[in-house]
Amino acid sequence: MSDIAQPDSVSGGAGAPTRLVIVDDHPLFRAALAQVIPQCLDNAQIEEADSFEALNAKLAEGPLPDLVMLDLTMPGVSGFSSLISLRARHPDMPVIVVSARDDGATIRRALDLGASGFISKSSNVTTMREAVLAVLDGDIFTPEFDGDDEETDAEIADLLERLATLTPQQTRVLGMLGEGLLNKQIAYELSVSEATVKAHVSAVLSKLNVDSRTQAVIQLSKLNFEATAQPLI
């Protein structure tokens with residue numbers, strides 16, 4: 001993360017603090033972000049999670065934070081599976097993807113899959129400030145980048161188009177399938193009957209043009225990328 005003159009922070013007022021959760025398995029980067037956020041936002045309450053599992057445990061405690069800043073590559077999740085699962089479970093909670101993998105296709109893919117913004121780990125404080133404030137204000141933050149943002153993988157482009165046809169509830173079901181949940185567990189999470197879950201699963205399989213839950217999860221895995229391709233921070 002490059003350094004520049006620190007911008008004036010924006011006051012959050014005298015009310016409740018703005019809660020942000022930084023999710024990254026690298027403690028140095030979490031610490032760097034935790035130092036930058038107060039420069040962007042007064043009255044910020046910053047929490048950290050070193051894994052997607054730790055984030056889920058924190059979210060289960062409630063209430064939900066005002067913003068989650070999510071790294072794409074952590075132990076146990078590689079690529080967009082964590083974003084899909086997070087957006088499925090908490091569709092109204094803003095998520096900014098923070099990643100060292102910042103090519104145009106990755107940025108576009110993150111936004112297409114429901115991220116409210118994207119920050120490259122090489123971004124300066126001004127860009128980070130703009131992103132955080134824009135997303136907290138209800139906007140979508142798309143950074144400037146070099147190169148083409150079009151999806152060059154025809155198979156992935158087709159998958160993204162199919163995912164876009166899912167209803168919000170179907171997307172939640174798909175995300176939970178990706179977590180390995182059974183129908184009765186999904187029914188409990190969504191407060192619906194197992195029959196309703198089965199109907200959603202059938203619709204998901206049809207829209208993804210697959211024959212089984214396993215094949216649906218395999219399709220999701222195609223959105224992932226190997227951690228070895230990702231710089232350390």
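This is a predicted model: local features need pLDDT of at least 70, side-chain atom pairs count only at pLDDT 80 or more; totals for chains, interfaces and linings use all residues.
Let's start with helix H7, which covers residues 168–178. One of its partners is helix H8, residues 183–190. How do H7 and H8 pack? Their axes lie 10 Å apart, at an angle of about 135 degrees. The two helices are therefore oblique to each other, and the crossing of H7 past H8 is right-handed. If you'd like to find the contact on your screen, look on the H7 side for Gln169, Arg172, Val173, Met176 and Leu177. Facing them from H8 are Ile186, Glu189 and Leu190. Sorted by class, the residues of this H7 and H8 contact come out as five nonpolar, one polar and two charged.

Now for another partner of H7, helix H10, which spans residues 213–221. Here the axes come within 9 Å and cross at roughly 90 degrees, so H7 is roughly perpendicular to H10. Which residues meet here? From H7 we have Leu174, Leu177 and Gly178, and from H10 we have Arg213, Ala216, Val217 and Leu220. This contact of H7 with H10 has five nonpolar residues, one polar and one charged.

Let's finish with the rings. How many aromatic pairs does the structure hold? The count is zero. There is a ring with a charge over it, though: the charged end of Lys121 sits over the ring of Phe29, 4.5 Å from the ring's centre.

Technical notes: Residues are numbered from 1 along each chain as its sequence is written. Side-chain values use heavy atoms; hydrogens and water are left out. Rings of Phe, Tyr and Trp (its six-membered ring) pair if their centres lie within 6.5 Å; planes under 30 degrees apart count as stacked, over 60 as edge-to-face and the rest as tilted. A charge sits over a ring if NZ of Lys or CZ of Arg is within 6 Å of the ring centre and within 35 degrees of the ring normal. Axes are lines fitted to C-alpha atoms, for helices over the stretch in contact, and angles run from 0 to 180 degrees between N-to-C directions. Helices (H or I, at least four residues) and strands (E, at least two) are DSSP runs, numbered from the N terminus. Angles under 35 degrees count as roughly parallel, over 145 as roughly antiparallel, 65 to 115 as roughly perpendicular and the rest as oblique. A crossing is left-handed if the near helix is turned anticlockwise from the far one by less than a right angle, and right-handed if clockwise. Contact means heavy atoms within 4.5 Å. Ala, Val, Leu, Ile, Met, Phe, Trp, Tyr, Cys and Pro count as nonpolar, Asp, Glu, Lys and Arg as charged, and the others, Gly among them, as polar.
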